[in-house]
Amino acid sequence: MNQENPQSASWLEQVRPLTLKGQIAVPYTWWVGETGSRFLRALRDEQKILGNRCDTCGTVYVPPRKNCGRCFTDITQWVQLATEGVVRAHTVVRRMPAALLNAADRPTLPFAYALIRLDGARVDLLHRITRDLEKLKNGIRVRARFSERPTGHILDITDFEIIRNSP
Amino acid sequence: MEPIAITGVSQTPYRERMIDKTAYDLVYEVTRDALADAGLGIHDIDNVITVSNDFVDGRTISSMAVGEAAGAHDKNISTVEGDGAFGAFYGAMRALSGFDTTLVVAHGKGSEGDMGLITNAMFDPVYQRHLGIDALTAAALQADVYMTRYGLTEEDFAEVSVKNHQNARNNPLAHLPLDITVSDVMKSERLSDPIKRLDCSPISDGAAAIIISTGRASSRSRTRPIWIRGVAHCSDAYFPGDRNLADSPALRRAAKRAYAMAGITNPLKNIDVVELYDAFSYMEPLWLEGMGFSEPGSGARLLKDGVTRMDGILPVNPSGGVLSAHALMVAGLSRIVECVLQLRGEAREHQVPGAETALAQGINGPCGQSHCVWILSVNQ
């Protein structure tokens, strides 16, 4: 409290703080770049998941990268990955994330986020699993499901589904 | 390294909604209080660093809006958009480059925006943001990996929440002092498995400030200087899927460098108190492992053995930690402020008796992507 003005305390009590509502809504059009375009085009046109391999350390990235973050070298080798892989981490989401509250394509609760190691990749892809959550555990195999109306977007993979008879 | 010291500190109480104070008011308040603490006037400050986030503040170049509140008019002012511990790191670099007296001030009013939307926006807009992932759900993935890897339980994490909220009862500035049990944590609302409501830090409003002085200028302050003996930061990969989330190599490296600077050879023996960034309960044992206080996977053991309790040999988060007060952008700087108070013997009810060396930690990015480690000491 301001010690130079002993009346400030009582003055403040008489003031009902006001609020001002605002919103930042700036539309962006992000160019996804050559690397991203090749990945998203393969998703959209061929239902293929592409990664790329660092020439130096051999890490296979998905989504593909312009350069290897560890080696700081260009990546030139493209790799077609399987559309199946293994769940390495998961969380069952019980409260709708704020970012999905107004999303037309939002899954119903509960759904899961998972880090998925696609066969052939050396990093994990973040995506969603929306069905058979009672069977979901780390180590289980899952397969990508593709949208019937692809647009060149990460959600051209609608989600991953658990493969039956998986260990 | 030339000797540099923290010679003034202040922080506001951390509360849910500070309706009577703007961000500007908070910055002005902590700036004045830090100067009063040091016994300095604004003209003694030769440069200023503000810490803020445009999305949290809802304006672009948010740093420029608080310059005058920080007394930066006609001064050299610069900005860090990241946790306050990283702002302080920049301040330390400026002190080492010749500025005598540096003010670092951080503010965050999470109550005014929407933290779910804001933390969603830190993820890659092409590949991740549309999935809806945010700080909470990403942390839940990390907690899951950590548990799976080492066979930990949700109760292990709940114990951390119980301890830190209990510690907060001795800290009048804390937002959430609570007397709770493991069972209370376990029964609290499940948000994103394995994380429940009482595993999460609150969204707090607040601000903090520190003054960093060169050795030659430190005697101008009336306080006992607290010496910056070691400080380092290190960053891991941006995409969580690229990282080994059950370990924290970036923290390991930052701690190693800070320890080397400070001459720490046996952290458990050489460090008396830790204030770390426990945004979620699982983070405390995971970060303690990264800091080298225990082997990988055995961080939770430290609490079970009583090591990290107030009466243990290494009290961790005597203030209640970030679990009990989490003003975004401020929390890492608040860890430094808390350590300074501990080392001065001014932490009152949550004082660790006789503390001489302290570790403060800040994090940035999802799941602790980058870490900043501080070793502070009463000894130069």
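## Confidence

The predicted model has an ipTM of 0.95 and a pTM of 0.96. In chain B the average pLDDT is 97, and 100% of the residues reach at least 70.

## Chain A

Chain A has 167 residues, of which 29% count as buried. Its secondary structure consists of 2 helices and 8 strands. Along the sequence the order is α-α-β-β-β-β-β-β-β-β. When contacts between residues at least 6 apart in sequence are taken, 50% of them join residues at least 24 apart.

Strand β7 (residues 141–146) of chain A pairs with strand β4 (residues 84–93) of chain A; the sense is antiparallel and there are 3 bridges. Here A:R141 in β7(A) is opposite A:V86. β7(A) is also joined to strand β8 (residues 157–162) of chain A, again antiparallel, through 5 bridges. In that pairing A:D159 of β8(A) stands opposite A:R145.

## Cis peptide bonds in chain A

The bond between A:V62 and A:P63 is a cis peptide bond, with omega about -5 degrees. A:P63 sits in the loop between β2 (60–61) and β3 (77–81) of chain A.

Another cis peptide bond runs from A:L109 to A:P110, and its omega is near -15 degrees. The loop that holds A:P110 lies between β4 and β5 (111–118) of chain A.

## Where the chains meet

The contact between the chains involves 31 residues of chain B and 32 residues of chain A. On the chain B side, α4 (115–120), α5 and β5 (190–192) each supply at least two residues. The most comes from α5(B), which gives 6 residues. Sorted by class, this side of chain B has 14 nonpolar, 10 polar and 7 charged residues.

## The nonpolar core

The largest nonpolar core contains 158 residues, and B:I210, B:L333, B:W374 and B:L376 have the most contacts inside it. Helix α5 (residues 135–150) of chain B provides the largest share of this core, 10 residues.

With neighbours within four places in sequence left aside, B:L333 is in contact with B:V51, B:G84, B:A85, B:G87, B:A88, B:V104, B:A106, B:A208 and B:I210. One of these, B:I210, is also listed among the residues with the most contacts inside the core.

B:A5 belongs to strand β1 (residues 4–11) of chain B. B:A5 counts as buried because 25 other C-beta atoms lie within 10 Å, and the cut-off is 20 or more. Residues up to four places away in sequence not counted, B:A5 touches B:S213, B:G215, B:S218, B:P225, B:I226, B:W227 and B:I228. B:A5 and B:Q380 are 375 residues apart in sequence, yet their C-alpha atoms are 8.5 Å apart in space.

B:M329 is a residue other than glycine with a positive phi, near 80 degrees. B:M329 is placed in the loop between α12 (321–324) and α13 (331–344) of chain B. B:M329 is buried, because 30 other C-beta atoms are within 10 Å. B:C367 also has a positive phi, near 55 degrees, and is not glycine. The loop between β10 (357–364) and β11 (370–377) of chain B contains B:C367. B:C367 has 23 C-beta neighbours inside 10 Å and therefore counts as buried.

How values were computed. Residues are numbered from 1 along each chain as its sequence is written. Chains are lettered from A and ligands numbered from 1 in the order in which they are written. This is a predicted model: local features need pLDDT of at least 70, side-chain atom pairs count only at pLDDT 80 or more; totals for chains, interfaces and linings use all residues. A nonpolar core is a set of buried Ala, Val, Leu, Ile, Met, Phe, Trp, Tyr and Cys residues joined through C-beta atoms within 7 Å. A residue is buried if 20 or more other C-beta atoms lie within 10 Å of its own, exposed if 12 or fewer, and partly exposed in between; C-beta atoms are placed from the backbone. Helices (H or I, at least four residues) and strands (E, at least two) are DSSP runs, numbered from the N terminus. Two residues are in contact if their C-beta atoms, placed from the backbone, lie within 7 Å. Ala, Val, Leu, Ile, Met, Phe, Trp, Tyr, Cys and Pro count as nonpolar, Asp, Glu, Lys and Arg as charged, and the others, Gly among them, as polar. pLDDT is the predictor's confidence in each residue, from 0 to 100. Two strands pair if DSSP finds at least two bridges between them.
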